[in-house]
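Visitor: Could you walk me through this one, starting with the strands and then moving on to the helices?

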Amino acid sequence: MLTIKRVPTVLSNYQENASGCGRNCLGSCCLPVSKLPLYAFRSKEMHVTDPAGGDLPVDFFLNTLVLGQWEERMNRGLFRYDVTACETKVIPGVHGFVAQLNEGRHLKKRPTEFRVDQVIQPFDPNKFNFTKVGQEEVLFRFEAGEEDKSCFFESAPVDADVLPNVVAINVSPIEYGHVLLIPRVLECLPQRIDPESFLLALHMAVEAGSPYFRLGYNSLGAFATINHLHFQAYYLAIPFPVEKALTQKIKIDKDASKSNVKISRLLNYPVRDNNIPFNVLISDSGKRIFLFPQCYAEKQALGEVDQELLETQVNPAVWEISGHMVLKRRKDYNEASEDYAWRLLSEVSLSEERFQEVKSYVLGATGMMEFENNPVELTTNTENNLLAACTTPTQFPGGCLVLQ
Ligand SMILES: [Zn+2]
């Protein structure tokens, strides 16, 4: 069994002391009789280009609901620190890695042992889970509506046949508007992404309708802290380096697949399932999905990670891999360089051999076949000219799949 010791992130104010109820929790005692606000998204058809729902203003979901309610919780003092006061800068260099100094996130906590060699572990009701969260941390319920437009209800009873999905604040935010999307909270699902929950996360990205609102997922072994199914999301008005990175389209045999999903591999980016820990980034309002298989925790458990990198205590989860580095020490923030970011992410990356294995699992699972002798086709969907920096993509051990 492989384990690492790390300081767990506190996602809810009830994480450390959640005994007893009588306080409007998200468990079966309180949630079914709650009247939390409900956002019912249009589920008939996804119009990625048209996020506005029915009679609601175009920016209602993101600005009024997510960010407006998030700020309201900030004013009520529910967060552990003021993330809006954290310093942030773009690290000079080709990629534009973003560094944030966040000294409040991990203080005053003892390291805990985490198992890192099992991506799927059974749900353990004795450990903290989101049914213990207080309803004041919840912004709204997020559920499929029956209309062909999105609707909002200020106060909505829970139907007996509905399993509520909730959007709650992360009390240790790493950015403005940092929230958790918890699918079917009462079902107590382990941290294991499934098609239904993934589609739910995509719907949230579509409703938000902003390229700056991203959702992310960390598997166990890839720095998820809590084994209860959840996604994270926040707003940051800068492109992530991974979104600007050059990609190489993987040519799919059209006869073998009727899907119009394009699959690409990241080039010139330092990161590269079957029990392989991974992170997922949902970006560009749900139009681009990045899948990052990773092995940092495994290497850490085996003592193969550079001591200097370990000392920074930075956990390369989905945000860090996407290029938003949350740093804990002033020294690391002041000295943050592209070289540091690159070294950290290189440690995350799988070997070429293992990456190829993962790629074939993914293609196999999607029923797609790769053309033999894959011709190189380079695409970039930003105006940044990264081609020059990309002339030696093979010098780096990885690449990762961009499901696009
Ligand atoms: Zn309760």
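Visitor: How many bridges join strand E2 to E6, and do they run parallel or antiparallel?

Guide: This is a predicted model, in which local features need pLDDT of at least 70, side-chain atom pairs count only at pLDDT 80 or more, and totals for chains, interfaces and linings use all residues. Residues are numbered from 1 along each chain as its sequence is written. Strand E2 (residues 38–41) is joined to E6 by four bridges, and the two run parallel; Leu 38 has Arg 141 of E6 as its bridge partner. Strands (E, at least two residues) and helices (H or I, at least four) are DSSP runs numbered from the N terminus, and two strands pair if DSSP finds at least two bridges between them.

Visitor: And which way does E6 pair with E8?

Guide: E6 pairs with strand E8 (residues 166–169) in the antiparallel sense, over three bridges, and Phe 140 has Val 167 of E8 as its bridge partner.

Visitor: Why is E6 called largely enclosed?

Guide: Six of the seven residues of E6 (residues 138–144) are buried, so the strand is largely enclosed by the rest of the structure. Buried means that 20 or more other C-beta atoms, placed from the backbone, lie within 10 Å of the residue's own, whereas 12 or fewer makes it exposed and anything in between partly exposed.

Visitor: What is Phe 140 in contact with, beyond its neighbours within four places in sequence?

Guide: With those neighbours left aside, Phe 140 is in contact with Leu 36, Pro 37, Leu 38, Tyr 39, Leu 65 and Val 167, contact being C-beta atoms, placed from the backbone, that lie within 7 Å.

Visitor: Switching to helices, which residues of H8 are buried?

Guide: In H8 the buried residues are Tyr 340, Ala 341, Leu 344, Leu 345 and Val 348. Seen down the axis of H8, they fall within an arc of 120 degrees, so they line one face of the helix; the arc is that of the directions from the helix axis to the C-beta atoms.

Visitor: What do they pack against?

Guide: The buried residues of H8 pack against helices H4 (296–301), H5 (307–311) and H6 (318–321), and against strand E16 (324–327).

Visitor: Why does Val 348 count as buried?

Guide: Val 348, which lies in H8 (residues 338–348), counts as buried because it has 26 C-beta neighbours inside 10 Å.

Visitor: One last thing, what follows H2?

Guide: H2 is followed by Gly 209, whose phi is positive, near 60 degrees.

How values were computed
Contact = placed C-beta atoms within 7 Å.
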